[in-house]
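Okay, thanks everyone for coming.

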Amino acid sequence: MADTQLMEKIVSLCKRRGFIYPGSEIYGGLAGTYDYGPLGVALKKAIQQSWWQHFVTTREDMYGIDAAILMNPRAWEASGHVSGFSDPLVECPKCHKRFRADHIETVDGAKHCPDDGTVLGEARQFNMMFKTQVGATEDPTSISYLRPETAGGMFVNFKNVVDSFHPKLPFGLAQIGKAFRNEIAPRDFVFRLRELEQMEIEYFCHPSKWEEAFEHLRQQFNMWLLSIGLPKEKIHEVEIGDGDRAHYSKRTIDFEFDFPIGQKELAGLAYRTDFDLKQHSEYSKTDLSYFDEETKERFIPHCIEPSVGVERALLAVLTSAYREEDVEGEIRTVLSFKPSVAPIQVAVLPLSKKDELAKPARDIANTLRRIARVSYDETQSIGKRYRRQDEIGTPYCVTVDFDTLTDQAVTVRDRDTMQQERIAIADLSSYFQGKLA
Ligand code: ATP
């Protein structure tokens with residue numbers, strides 16, 4: 001069930017409080033693009049960091065890469081994107097608006113324009129890759145594309161990583177980066193964008209071991225979703241049937257999530273077989289096989305791909321953290337982020353703007369900045385400041401009051417329980433260290 005009101009509240013909070021703004025807003029915007037403000041970028045980076053930490057930094061078998069967005073166009077021919085990365089497009093003959101045919105229900109044997117009810121024309125395939133010209137000459141040989149997924153950059157670097165690091169199977173290449181899709185109908189805030197960011201892994205294994213690798217990544221992916229604060233009951237694994245999978249996939253599970261716009265795809269886990277390495281071997285005339293030193297066997301590894309959009313993960317985090325509570329007759333808006341992803345983890349609030357409190361408060365903020373994302377706020381009443389921090393999801397507020405000058409301690413307020421406790425300034429860093437991970 002769609003919850004339009006919740007979505008509207010989130011969009012408005014994101015703009016008002018500096019999370020996410022419409023792209024190029026002062027020029028009237030550009031559909032399918034958004035710009036991140038200071039809090040949005042902090043949240044986005046925290047989500048990316050937690051993914052990188054979970055899948056790369058803490059593992060022996062993962063190799064991070066950062067490939068170019070522009071690639072030799074032959075790579076996109078090899079992957080099947082030039083011929084097949086398309087969605088069915090229908091146009092309304094009356095208002096000329098364009099829609100994705102598979103997003104419109106068929107009623108009485110026909111699809112109708114959602115705006116004016118006119119029967120829509122035949123669907124045609126529309127390629128979603130953004131074409132661009134590379135270099136100063138404008139001829140067909142200079143055409144390239146903005147990558148529609150980050151995966152390609154990993155397949156073309158498979159041999160490089162094998163040659164430099166000699167990894168043993170199974171191992172994965174991981175990447176976080178921008179991707180571009182000329183979506184027919186971008187919509188639903190940051191859910192369907194034309195410029196997006198993906199976090200992807202291409203995990204290579206022996207052909208006989210793909211099921212094991214698939215199951216392992218499925219579990220790891222579920223663990224990561226829970227670690228960023230998504231409620232288990234809102235995550236649904238959906239097995240994609242034979243006719244509905246991408247051309248390269250022999251098995252796909254979509255991780256769908258209960259967004260305010262309904263249950264929709266958050267991420268995908270696909271068994272891409274040896275499709276990509278075989279195609280790139282053939283098109284590039286480079287041997288992308290793997291030689292197993294132990295078994296003396298040479299073969300093309302098979303590949304499992306967990307793929308998630310940063311913005312969809314961020315939207316899932318934002319929408320599941322939002323709550324409104326009645327506190328003594330007043331509505332308190334709270335974003336109950338996990339402390340590890342909260343854009344601001346600790347707010348330092350002196351009770352008075354005067355130097356006598358402002359100076360020690362700034363010193364505390366500067367010390368805490370070494371271990372946390374910290375903001376300093378001295379304007380308006382303390383109650384209003386607490387509410388402001390609740391609304392942006394800050395888990396802890398540190399209040400510096402006149403007693404601080406004598407007892408060298410501060411009050412720490414917990415966002416969720418609103419309980420306060422007195423902590424010595426000297427103990428603050430160790431107090432927070434355990435709480436923010
Ligand atoms: P959809 O069916 O919603 O168009 P998809 O199946 O084409 O998505 P994939 O190609 O599997 O998506 O891309 C992997 C992930 O990238 C998706 O699970 C999603 O999180 C993200 N993603 C894909 N397209 C978009 C988009 N237009 N805007 C934001 N995120 C996207």
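Predicted model: local features only at pLDDT ≥ 70, side-chain atom pairs only at ≥ 80, totals over all residues.

We've got 13 helices and 25 strands in the chain. Along the principal axes, the C-alpha atoms fill a box of roughly 75 × 65 × 50 Å. Of the 437 residues, 50% are buried. The accessible surface is about 21,200 Å², and carbon and sulfur atoms own 50% of that. And if you take the contacts with a separation of 6 or more, 64% of them are between residues 24 or more positions apart.

Okay, helices. The pair I picked is H2, residues 38–57, and H7, residues 210–227. What's the angle between them, and how far apart are the axes? The angle is about 145 degrees, and the axes sit 11 Å apart. H2 goes past H7 in a right-handed crossing. If you want to find the contact on your screens, look on the H2 side for Ile47, Ser50, Trp51, His54 and Phe55. On the H7 side, they meet Gln220, Phe221, Met223 and Trp224. Sort the residues of that contact by type and you get 6 nonpolar, 3 polar and no charged.

Now the cysteines. How many disulfides does the chain have? The count is 0. Take Cys92: the nearest cysteine sulfur belongs to Cys95, 3.6 Å away, and Cys92 is in no disulfide, given that the cut-off for the sulfur pair is 2.5 Å. Cys113 is in no disulfide either, and there the nearest cysteine sulfur is that of Cys92, at 3.8 Å. Buried or exposed, these two? Cys92 counts as buried because its relative accessibility is 0%. Cys113 is at 3%, so that one counts as buried too. The threshold for both calls is under 20%.

Last stop, Gln345. Where is Gln345? You'll find Gln345 in the loop between strand S20, 330–335, and strand S21, 346–350. Despite being a loop residue, Gln345 counts as buried, because its relative accessibility is 5%. And who's around? Setting aside neighbours within four places in sequence, Gln345 is in contact with Pro339 and Ser340, then Ile371, Ala372 and Arg373, then Thr394, Pro395 and Tyr396, and also Leu436.

That's my tour, happy to take questions.

Methods
Residues numbered from 1 in each chain as written. Heavy atoms only, no water. Axes fitted to C-alpha atoms, helices over the stretch in contact; angles between N-to-C directions. Helix = DSSP H or I, 4+ residues; strand = E, 2+ residues; numbered from the N terminus. Left-handed = near helix turned anticlockwise from the far one by under 90°. Contact = heavy atoms within 4.5 Å. Nonpolar A, V, L, I, M, F, W, Y, C, P; charged D, E, K, R; others polar. Buried < 20%, exposed > 50% of the residue type's maximum accessible area, 1.4 Å probe, protein only. Areas by Shrake-Rupley, 256 points an atom, 1.4 Å probe, with all protein chains shown as cover.
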